[in-house]
Amino acid sequence: MSERSIQDVIELNKEIVALLAAGLPMDFGDVGDSNWNFAGSTDETRARLDQVTTALMARVGRGQSLQQAVLDEPALPSNYRKALLTFLICDDSRLALEAMSKPAVTKRQFAGGLGSALVYPLIILAIAYVGFLYLCKYTGPTIESMYVQMGQTPSFAVNFLVKARELIPIWAPLVPLLIAMLLWWWTRRGRELSWRWLPGSKRYYDAVGHAQLADHLAGMMDGGCTLNEALVAAYPEAAPIAMEGSDPAGQAASQVDRSSSISSTGIKDLPPLLRWAIEGNTGDESPAKVMRFVAMTYRETAKQQEWLWRFLAPVLCGLAFGGVIVLGYGLSLFLPIVQLLRDVAAAGFNLGGI
């Protein structure tokens with residue numbers, strides 16, 4: 001393991017800020033301390049990283065190793081902690097940055113599919129909005145005048161159109177404003193969310209997460225790390241690290257405790273294929289090669305889930321939201337006409353009876 005100093009962490013933070021400024025998404029992960037918010041502008045993120053560096057320097061100054069300080073500092077977000085441990089253990093800044101960039105790219109891809117699914121309902125809404133405006137301004141008054149000529153009271157549907165025409169100055173500008181606000185929110189915030197609560201999203205995120213974990217472990221082993229060291233970076237919350245300067249017996253005991261802790265908290269929750277690649281007998285194949293194969297398998301699974309989402313989501317959204325919009329417009333159009341025809345027929349019948 002290469003010896004790293006706090007100055008190396010500072011340089012890594014500079015790379016992170018530069019990538020953020022260039023527009024590359026970064027997912028820092030869940031923050032243990034709610035007072036530390038990394039989801040902000042580039043300047044705010046730079047300030048938070050400076051605070052993190054100060055906290056780590058304070059721990060190192062009290063005698064902790066840098067790696068132990070990274071593990072113990074509660075203010076570090078989960079993905080950022082993994083990136084720092086990868087950087088300290090494996091001496092690979094590219095692999096460390098991928099620990100934060102890949103989850104962010106995954107969320108953007110999923111949100112991009114969701115955004116494309118909302119295009120069709122928005123188009124239908126725009127067409128229905130224009131059609132309803134025409135209905136209120138021209139069709140409604142025409143039907144109302146027919147009732148006046150017949151000397152009858154307009155039906156409820158016609159009264160609704162009349163009332164809607166009177167309120168056009170209120171709702172007519174409100175609908176485009178709401179659409180513009182929705183698009184603005186989506187650009188600023190919506191596409192950054194994970195949307196994990198949506199049906200079908202869990203299987204996609206699980207497959208992508210397993211593929212990224214296998215790729216991460218394989219990359220660290222290709223860089224000269226052992227599997228156990230790679231697991232320390234992947235599951236920092238379950239990996240107590242021996243302090244530098246402790247006796248070899250203590251380090252050996254900590255190594256055993258670390259393996260047991262990781263196995264009991266992290267690996268047992270993994271799917272069978274990934275768990276086999278970590279714990280099973282792979283024969284003559286190198287662990288890194290096996291991990292690459294496992295990552296490829298889960299990537300194919302994720303592609304299938306993504307294909308289903310990208311093709312089914314627009315259809316489902318079109319049926320759900322677009323269908324409701326079309327139904328509402330259709331009722332506002334045909335109910336007054338059907339009621340008018342019925343009332344005209346009733347009036348003609350009464351005249352014929354006289």
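## Helix pairs

Axes are lines fitted to C-alpha atoms, for helices over the stretch in contact, and their angles run from 0 to 180 degrees between N-to-C directions. Helices (H or I, at least four residues) are DSSP runs, numbered from the N terminus. The structure is a predicted model, in which local features need pLDDT of at least 70 and side-chain atom pairs count only at pLDDT 80 or more, while totals for chains, interfaces and linings use all residues. Residues are numbered from 1 along each chain as its sequence is written, and side-chain values use heavy atoms, with hydrogens and water left out.

The axes of helix H5 (residues 93-117) and helix H6 (residues 119-150) cross at roughly 25° and come within 4 Å. H5 is therefore roughly parallel to H6, a term for angles under 35 degrees. In contact (heavy atoms within 4.5 Å), Gly-115, Ser-116 and Ala-117 of H5 meet Val-119, Tyr-120 and Pro-121 of H6.

H7 and helix H8 (residues 168-188) have axes that come within 5 Å and cross at roughly 75°. These two helices are therefore roughly perpendicular to each other, the description for 65 to 115 degrees. Here Ala-164, Arg-165 and Glu-166 in H7 meet Ile-168, Pro-169 and Trp-171 in H8.

## The two sides of H7

Within helix H7 (residues 156-166), the residues Ala-157, Val-158, Leu-161, Val-162 and Ala-164 are buried, meaning under 20% relative accessible area with a 1.4 Å probe, protein chains only. They lie on the same side of H7 because they cover an arc of only 165° around the axis, the arc being that of the directions from the helix axis to the C-beta atoms. On the other side of H7, Phe-156 and Glu-166 are exposed, that is, over 50%.

## Nonpolar cores

A nonpolar core is a set of buried Ala, Val, Leu, Ile, Met, Phe, Trp, Tyr and Cys residues joined through side-chain atoms within 4.5 Å. The largest has 53 residues, of which Ile-16, Tyr-80, Leu-217, Leu-274 and Met-291 touch the most other members. Helix H4 (residues 78-90) gives the most to this core, with eight residues.

Leaving aside neighbours within four places in sequence, Tyr-80 is in contact with Val-9, Asn-13, Ile-16, Phe-28, Leu-49, Val-52 and Met-100. A second, separate core of 12 residues includes Ala-111, Leu-114, Trp-186 and Leu-198.

## Trp-195

The loop between H8 and helix H9 (201-222) contains Trp-195. Although not a glycine, Trp-195 has a positive phi of about 60°. Trp-195 counts as buried, at 13% relative accessibility.

Notes: Angles under 35 degrees count as roughly parallel, over 145 as roughly antiparallel, 65 to 115 as roughly perpendicular and the rest as oblique.
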